[in-house]
Amino acid sequence: MPIKLEKSNQSTAGTHDSMWDSYNSADYMAQTRRGLDEELVRFISQEKQEPDWMLEKRLAALKIYHTLPLPDWGPDLSRLDLDKITYYARATDKQSQTWDDVPSDIKATFNKLGIPQAEQELLAGVGAQYESTVIYHSLKEQFKAQGVVFEDLDVALKSHAELVRPYFMRAVPPSLHKFAALHGAVWSGGTFLYIPRGVKVDLPLQAYFRMNAKGMGQFEHTLIIVEEEAQAHYIEGCSAPRYGIDSLHAGCVEIFVAARARFRYSSVESWSKDAYNLNTKRAIVQAEAHMEWVGGNFGSNVTMLYPCSVLAGAGATADHLGVAFANHGQIQDTGAKVIHLAANTSSNIVMKSISKDGGKAIYRGLVEISPAAENAAANIKCDALILDSRSSSDTIPLIKIKNPTAVLAHEATAGKLNEDDIFYLRSRGLSEGAASAMIVNGFIEPIVKELPLEYAVEMNRMVELEMENSVG
Amino acid sequence: MKKIIIKSSAAKIVIPAGQKVLLLDNIGQPAPATPANRNLQIIIGRGCEIQYVFIERATRPSVSIEQRELFLGANSRLKSYRVYLGQGTSQLKFISHLDQGAELDSRVFFYQSGTEILTAEDNYIFEAPDSRGRFNVTGLLSGAASAQYYSDIIITPVAQKTDSRIDMKLYLLDPRARGVILPGLKIAANEVKAGHGASTFQLSPDDLFYLQARGLSKEQAKNLVINSLAQRFVDGLVDQELKKDILTQIANKETDQSIKSARP
Amino acid sequence: MNILTIKNLSVSVAGKTLLNKVSLTLKKGETTVIMGPNGSGKSTLANVLMGHPAYQVEAGQIIFNGRDITALKPEERSALGLFLAWQQPREIAGIDFYPFLFDAHKALQAARQKRVPSVFSFKKKLDQEISLLQIKEDWSQRYLNQGFSGGEKKKAEMLQLALANPQLAIFDEIDSGLDVDALQVVGQAMARFKQGAKSALVVTHYLRILKYLKPDKVMVMSQGRLVATGGPELAKRLEKEGFRDLLTNS
């Protein structure tokens, strides 16, 4: 009896093909060029002057893409017409969009969050280059000395092919699902991060440290390799709303955590336009290593995001901490997946969701204890705050146990803000809005406290803005 | 309490308002030659107090597909005991609708062994305000048995001020057993108390050692656990005969494990 | 001059009447004690004065400092100078205690159109009050009221009182659950508060707290009504004789 998960309704997602200028090279990139076929894939690879092995991987992924159907579960993707999407544009062409094109409500939000102009431009996809020059240059020197590689993936696949090639799309193989295959065929841009054995990088590495970073692209690929006993923290994104002109994001993040290493991946995302945010993020964790996912999901029309940890080595551990805020017209379909493959592995999932003004928050989780995972331990805690009677929350935790020694506990609660709590805070002088925002921030505090301070502050401010943001 | 034994031919049972009834389902029925495939609706009138007992016993045929749809009228109270001891492949679906002020205390105990396969689905739909539900599923799997148990609490937008909770406990007795559980929550009203828990259960090495040091073998220790889980399950059942019957069947299943493979 | 006048106040919750035509006046600078058995409506009165949204005001008025506050929101009453020390202070997860104190203080200062202090000057004032309340433990890592013992919760309420600097403080069973030492600290804090010509409304079951506060007026409530009013001698009589006599005579 297969499980029937509902399809949800959501508002329109359009493509924005009128934004693309014509290209003065081959007819491939004429304005009318849409859809996906072998010619386009070859063109992409050629444009980037990629080595043959990468072209082969792309073509193999394309073959798989054509054989796979759209997923039959989760939010309704029927309006996503994959043949109408433009799959590639050269990086420089994105600059055709000007600051004036950015809607005023986006600009207002940026101002409210106190984001500097240059950063605002980057987030809106209009900045040519964002250079935090001083920081970046000194980092570059330090990295060179340590052997850390932090580079555009386009560049790294040539300069560090011996590192990229064996790992590329091994954590997220094209056969995983249709969007992984799509990604494998048309991926473009992204980050490569390599931490050599025993190196501990204290400073959280942020995407925009890199020269020429242009913010999250449509099909960006992040490949992170953390060697034995190494340690690092990578932050993708920022909690300010991202104004993307792309309607589909099918990016990919692959993280390989070698034995006894520790890695944290933090990502706070907020997409402000109608967009399908369908990224695949997966980490393979080896013996005694530790992986942490810390995430916040705001905004966007439809987000589907289930970071996955594969605990492949004995004693591997993973923590998944996440916050999802679904406001009016939004569907946050997020969660966590942990697959225990080896003995003495343990995992901890803490998910908090908030839905408001008709928003819908969905937690979709999977914890699987496979036969070889002796004495595995898994703990899951999901709490949902449903702020008003128009909003809803679903919790769909799939638990698969194939080993009798597993110790697993899953606990979930749902409800609204406590009236007495609000009254208490108001009786101390806070307005109802401020009191509610304070309680909601308190609700998500276990996750927020794991973020670096400036992100934590921004996340709290995002919550306050979302709380203020009512439908008229 | 009035006792009603549901006939195997029944498609719909209606209990008028204000009744106190013990409803027996699937009890003492001779095993039909062909696999059963039944859809039964049970309509419970307002203010009723019902105990409902459903037993899928080990003598049932090898493929069993059953569906029950229960409608709890306003302010009715239902205590439901379901025991799944099927031999072979079972697909059991239970849908419960709760009207205003209704209370449902539902317990399920399943025990699969050998190569038995259970696929179960429970939907608890809260359709009106002020209703309450406590749902418990305790499952034991031994040998190479497998079970897939999906449970959904569905709270519709009008079902404000409802209070519901589901707890699922899975006990794997052997390394080849497989269990998949999904305690789902689909909530569209905000003034509610809703929660769920799911956990695995096992005897810790220390617990086992303690029992063994008191003279019990590992098998006996496991059976001790199974019997205490069974006792907890039947607690509150009005009919003492029925209680004994259920406990006996569970105990039989424990001892029958080794000879199970010899059955046709 | 009256700091508080309640005129014929009737209040209900879910159709049930909890306060029945309650009228009373409190003079500015005085201490009024309200006593009564459980269920008499004393705590309801305290909550209604502060504007708890769950209660329905069926009739009557609440006049605070000459202003009708019957329809005002809790934060507005707080800004006007009303403070309620809760019987069971709310434990709210994830809210850091000191940052909360600062935020509430800033909100009140702004509402009262006073200068909003810097975090440094606030910290100084906070440290001052902490030492006056003899709070020896480090509360800087705690969340709002979580992990606080009964006595600590009441001290935390007194801390918030000191920072809010109200005109009229309502104490809802502040003395419940306190041991002798904590009671002394809290009592002394209440006395300190009163020194600034402030008014206090003390809802209590016991009379221990009166060791630190001299009541100017004593009122007795029963079943949602005010049934007796008197001076300090009424309190002494109740201590000796209990409520029964008084209530059967009313």
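Guide: One term before we start. A crossing is left-handed if the near helix is turned anticlockwise from the far one by less than a right angle, and right-handed if clockwise. Also, keep in mind that this is a predicted model.

Visitor: Fine. Which hand does the crossing of H2(A) and H8(A) have?
Guide: That crossing is left-handed.

Visitor: And at what angle do H2(A) and H8(A) pack?
Guide: About 150 degrees, with the axes 7 Å apart. H2(A) covers residues 52–67 and H8(A) covers residues 178–186. Angles over 145 degrees count as roughly antiparallel, so H2(A) is roughly antiparallel to H8(A).

Visitor: Which residues meet there?
Guide: From H2(A), Lys57(A), Arg58(A), Ala61(A), Leu62(A), Ile64(A) and Tyr65(A). From H8(A), Lys178(A), Ala181(A), Leu182(A), Gly184(A) and Ala185(A). By class, that contact of H2(A) with H8(A) has seven nonpolar, one polar and three charged residues.

Visitor: How far does H10(A) reach from its first C-alpha to its last?
Guide: 16 Å, for residues 432–443. That is close to the 16 Å expected at 1.5 Å a residue.

Visitor: Now interfaces. How many residues of chain A are in contact with chain B?
Guide: 33 residues of chain A, against 35 of chain B. On the chain A side, strands S19 (392–401) and S20 (407–415) each give two or more residues. S19(A) has the largest share, with 10 residues. The chain A side counts 17 nonpolar, 10 polar and six charged residues.

Visitor: And how many residues of chain C are in contact with chain A?
Guide: 23 residues of chain C, in contact with 19 of chain A. Helices H2 (74–80), H3 (97–111) and H5 (150–164) of chain C each supply at least two residues to the chain C side. By class, the chain C side divides into 15 nonpolar, four polar and four charged residues.

Visitor: Back to chain B. What is its secondary structure?
Guide: Three helices and 15 strands. Of the 264 residues in chain B, 41% are buried. Take the contacts in chain B with a separation of 6 or more: 82% of them join residues 24 or more positions apart.

Visitor: Why does Asn145(C) count as buried?
Guide: Because 21 other C-beta atoms lie within 10 Å of Asn145(C), and the cut-off for buried is 20 or more.

Visitor: And where is Glu173(C) found?
Guide: In the loop between strand S7 (168–172) and helix H6 (180–194) of chain C. Glu173(C) has a positive phi of about 50 degrees, although it is not a glycine. With 20 other C-beta atoms within 10 Å, Glu173(C) is buried.

Terms used
Residues numbered from 1 in each chain as written. Chains lettered and ligands numbered in written order. Predicted model: local features only at pLDDT ≥ 70, side-chain atom pairs only at ≥ 80, totals over all residues. Contact = placed C-beta atoms within 7 Å. Helix = DSSP H or I, 4+ residues; strand = E, 2+ residues; numbered from the N terminus. Nonpolar A, V, L, I, M, F, W, Y, C, P; charged D, E, K, R; others polar. Axes fitted to C-alpha atoms, helices over the stretch in contact; angles between N-to-C directions. Parallel < 35°, antiparallel > 145°, perpendicular 65-115°, else oblique. Expected span 1.5 Å × (residues − 1). Buried ≥ 20, exposed ≤ 12 C-beta atoms within 10 Å, placed from the backbone.
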